[in-house]
Amino acid sequence: MQIQLANKIALVTGAGAGIGRGIALALAEAGATVLVNDQNAESAYETVAQIAGQNGQAQAIVADISDERAVKQLFEHIAGTYDGLHVLVNNAGFNLFKGIVDTTPDDWDRIFAVDLRGLYLVTRHALRLLQAAGDASIVNIASVHAQLTVANITAYAAAKGGVVAIGRSLAQELGPFGIRVNTISPGFVMTPLLERWLDAEPDRAATLARVNSYHPLGRIGTPGDIGALVTFLASPYASFITGANVPIDGGLSTRLMH
Ligand SMILES: NC(=O)c1ccc[n+]([C@@H]2O[C@H](COP(=O)([O-])OP(=O)(O)OC[C@H]3O[C@@H](n4cnc5c(N)ncnc54)[C@H](O)[C@@H]3O)[C@@H](O)[C@H]2O)c1
């Protein structure tokens, strides 16, 4: 079995770095033409260059997915070039480590504007193109924090819980149109987002060793691990999977503390 996504058009939000880049590279490797969205132009173009370097097809589309006007323009641009969108990966997001008192209303709104409302905006404006594709797939990137979490990350955990809930309802709404909707919940994945957290720790190496040791597989994930799962979920091999929330965390979420 080999996944073949030739002639498929895929949009990945936040694909200029980390998990989004890993997903974009994997989809392109399977033959899809990847529309690389990011709010950071330089990062988006770097991902496109990496895809070109592996002989894949990609195009950068710079937009902040929390801005509805920018999202509308993004889809006008896509509709001007392509007849349909086969794969939508809602990946763009960021986290916030703050206690509830330190989390200002602006912090709260910003997390929700990107991690939840951004996903809603992109999905809403993508629908016409997804329906036109005939057989489309949406993959939303939630987090282990939607199910199991730690102190001082309430806004992010709430937003990611919302991402999981959206997947359950949307799978039922869009199934009749031939659109599958799945969610994945990564645990620790080595990306710039995780690097920022590690860099803020007093002893980076010790923290990383400790985090690795929590995992039955002895390591944290890579963007390539996530890209492989998303590519499978976007492919015909997953044609009977919708409404699922798949953990991808090296076994982290099986553990009780003792
Ligand atoms: N890294 C992890 O351990 C981890 C674990 C679970 C879930 N996640 C989720 O995976 C997704 C990607 O995380 P990551 O670790 O790769 O993050 P990252 O910060 O390394 O990369 C995120 C990318 O998204 C872009 N982006 C951010 N806001 C945007 C916006 N409004 N519009 C367009 N682009 C935007 C950034 O410019 C950046 O290129 C996020 O939704 C995150 O919550 C990450």
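**Close-up 1. D107 and its contacts.** Setting aside neighbours within four places in sequence, D107 is in contact with L96, K98 and D102. The model shown here is predicted. D107 sits in helix α4, which spans residues 105-133. The side chains of D107 and K98 are joined by a polar contact of 2.7 Å. D107 has a relative accessible area of 19%, so D107 counts as buried, since the cut-off for buried is under 20%.

**Close-up 2. Residues around the ligand.** The ligand is surrounded by 29 residues. I19, D38, N91, Y156 and T191 are the closest. Sorted by class, the shell holds 15 nonpolar, ten polar and four charged residues.

**Close-up 3. Polar side-chain atoms at the ligand.** D38 places a polar side-chain atom 2.6 Å from an oxygen atom of the ligand. For K160, a polar side-chain atom lies 2.9 Å from a ligand oxygen atom.

Close-up 4. Helix α6 gives the largest share, four residues. Both domains take part: domain 1 (9-186 + 222-247) and domain 2 (189-220) each supply at least three residues of the shell around the ligand.

Key: Residues numbered from 1 in each chain as written. Predicted model: local features only at pLDDT ≥ 70, side-chain atom pairs only at ≥ 80, totals over all residues. Heavy atoms only, no water. Near = heavy atom within 4 Å. Polar contact = N/O pair within 3.5 Å; in protein donor to acceptor, adjacent residues only side chain to side chain. Helix = DSSP H or I, 4+ residues; strand = E, 2+ residues; numbered from the N terminus. Nonpolar A, V, L, I, M, F, W, Y, C, P; charged D, E, K, R; others polar. Domains from an automatic or database assignment. Buried < 20%, exposed > 50% of the residue type's maximum accessible area, 1.4 Å probe, protein only. Contact = heavy atoms within 4.5 Å.
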